Amino acid sequence: MASKAAAENVGKHRGWESLNLFLNKYGIVLILLAMLVAFSLLSEGFFTARNIFNIIRQISFMGLIAIGVTMVILTGGIDLGSGSVLALAAVLATSLAQLPESATLKYAGLSVPIGVPVLVALLIGALTGWVNGALIARFRIPPFIATLGMMTVARGFALIYSNKPLSQLTPEYNFIGQGAIAGVPFPVIVLLVVAVLTHIMLNNTRFGRYIYALGGNEQAARISGVNIDRVKIGVYTLAGLLSGLAGLVVSSRVGSGQPGQGVGIELDAIAAAVIGGTSLSGGIGTIWGTIVGALIIGVLDNGLILLNVDQYWITIVKGTIIVVAVIIDQRKNR
Amino acid sequence: MGEETVLVMEHISKAFPGVQALSNVHLAVRRGTVHALMGENGAGKSTLMKVLIGMYLPDQGEITFLGRRVKIESTQQALRMGISMIHQELSPEPYMTVAENIFLGREPLGRWGLIDKKKMVADTRALLERLEIDIDPNTVMRTLSVANTQMVEIAKAISYESRLIIMDEPTSAITDREVAHLFRMIRALKAKGVAIIYITHKMDEVFQIADEITVFRDGQHIATVRAADTDRNSLIAMMVGRELTNLFPKEEATIGEVVLSVRNLTRSGLVHGVSFDLHRGEILGLAGLMGAGRTEVIEGIFGIQPIDAGEIYVRGERVRIQAPADAIQHGMALLTEDRKLTGIMGVLSVRDNMMIASLGSYTRGGFLNRRVIDETCGREKSRLELKTPHMDQLIKLLSGGNQQKVLVSRWLLTVPDILILDEPTRGIDVGAKSEIHRLMSKLAQEGKAILMVSSELPEILGMSDRVLVMHEGRVGGEFVRKDATQETIMRAATGQRVAA
């Protein structure tokens, strides 16, 4: 009798546990779905294929940076420089992709293949990331400080390089942000490909598991033979590369490279990672979680604008959601 | 005893998961005396003191202080009642001044509730002068030497005007001159009627300063004696005299050639010229008291901390080890002392924790071979009788013994020749403990060389073919299995010449 009651109790307990596990794992997806349903009911124009693609294209630049910063946060670090690196990559790349007859020509008569600006953007991104990584790993500068420095330095370089917008770009360049393949916007494809590749890298390569190990317990990882300096430098370099890629996409999307682009985007990216379940203490987080987090921010922005909510209120709602997400995360990890 | 007794602790018991730290212990301390607490590491001295100052709540027992039954629930409460403690691990506020440290939490307030810094500095100066400690109250704490930091802590504990002061190994960081100074201060306190509980491993000090001595062992009260009525040998006998039980003794293994040689290993201030050889099939026990430098030797060998001098040879060849990765490369494995701090990656899965050191052997074309990894994990799970629902379980949710098995597995998967095990069975239950002992024995038979650090003498005696005893950063004695006894090891560990 008693044992039967106990068994039932255990059963109930298991039920609770698995519900908890389910909510821990899929809670944010449920929140995203609830938001989709709510906005669809409240606004007619919301749930159309056009608007949904619009949302994903809106978040694609931020999403790329969020993927990079997720990897960084997984190691227990942070990257505050991504917005500035985005701008630096954008002005460098667009200066090499202007039409010969542009009014704001940086290099007169320059006509280089599309591969050059693309490569330059990616390389400058990777280089800034490498510098971050080297400062953090070799000189033991806290990531917050190293990337805060990069935030102002990269912005400064972008402004020195060009203090005015570089527009009138080649059609090939404009395709990156404005084109579509089989009806799917190209930026959306870029984001998906990067997300899938990163997911595979994190789960199925040694480097990926070392990223988690570093955030899980850096000292234990080192004693287990992990070259932690190399992993850190690699992670920041990758994050920088993705910032450079975001610079390409964003400048192409708006048709001009501007030194003031991407201000504050790193904070949205960090928010996306955290809403998506990435723990700021490292070791916990997934790419698909971050993508869902970015979608939540995108849907919120888009839905509230469609409902004619004041822009200032939108920022307040966003800020509140971020804090609530972290509170939930803290409770989960207790 | 009557009125003279300041403190009586009776029937105190305290259990932690897997360990009975104190069982039905009692202690009585008289006014104006120094009462020494002695015992091996883990005997229960510190736990009892933490119960006394309210850091731990006892599972049962009564405390009578100054004739009144009390229930002590916080260190603040203990301080208010008149009990202060000098902790073994110093924890000053490094960026505050000496005066601010001494008055932390009880700063004198002036007008408008602001801190009266002048008074604080003047009071500190008066206190330090009275105690003849030559330190400026305005010095920033972190610029002080370890010895001076210790002196400030002592001054701080005295400044509470407590009726009872607990000193947990107060001389571990200070020189002979300062020890003499401390003893002068202690005698002055005694004269004023203050009672002192003095925890130490050092025999010399006990006979210099203590009036009474209580010996603990395995969480039990063994004896309380007057210092005048006893001697070193009987104290040592009381500290170690237990039956060897619950142990799985090492089985015979063929001891082969030397695989690891350490020569003149030196780390400034911590390790002084340590040399030894480790053979195939051998378990070499590294014994010593806390702070003797055992872990520091291992950190040097494994490349966790840089060494200042010395050579390391693996199978006769000189090797340079600058990082743990180099040590692993040369066939070494290290199970660290602090499982939580340097062992497990708590928020990661059992699988990740098990595979981290050997992932390189499980890749194919740059990608991890998940099938082989899962097979390996499954095999390890049944081999070590690992209790986990699945390999995706977060390791922090396993018991200490099972976490330790995962870590053992992590290292065995690197197929090492030399296993360094730092306190391999600390804080795990008896069952898991004997399983790990059995495994060690088997590994030695397979020809692995094992260096085992342990603070538990029965473990050292039961498992080791040979024992090195460290004392103050040096090798204080070496014994082959048949000559090693609890008494000989304890003598070497407390720095007494090994009598023939």
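Predicted model: local features only at pLDDT ≥ 70, side-chain atom pairs only at ≥ 80, totals over all residues.

I took rings of Phe, Tyr and Trp (its six-membered ring) as paired if their centres lie within 6.5 Å, with planes under 30 degrees apart counted as stacked, over 60 as edge-to-face and the rest as tilted. On that basis I found four aromatic pairs over all chains.

Residues are numbered from 1 along each chain as its sequence is written, chains are lettered from A and ligands numbered from 1 in the order in which they are written, and side-chain values use heavy atoms, with hydrogens and water left out.

For accessibility I used relative accessible area (1.4 Å probe, protein chains only), with buried under 20%, exposed over 50% and partly exposed in between. Phe39(A) is buried at 7%, and Phe46(A) is buried at 0%.

I then turned to Phe175(A) and Phe186(A), a tilted pair with 5.1 Å from centre to centre and 45 degrees between the planes. Phe175(A) is partly exposed at 35%, and Phe186(A) is partly exposed at 21%.

Last, I looked for charges over rings, which requires NZ of Lys or CZ of Arg within 6 Å of the ring centre and within 35 degrees of the ring normal. Arg209(A) lies over the face of Tyr212(A), 4.6 Å from the ring centre, and in chain B the charged end of Arg106(B) sits over the ring of Phe103(B), at 5.3 Å from its centre.
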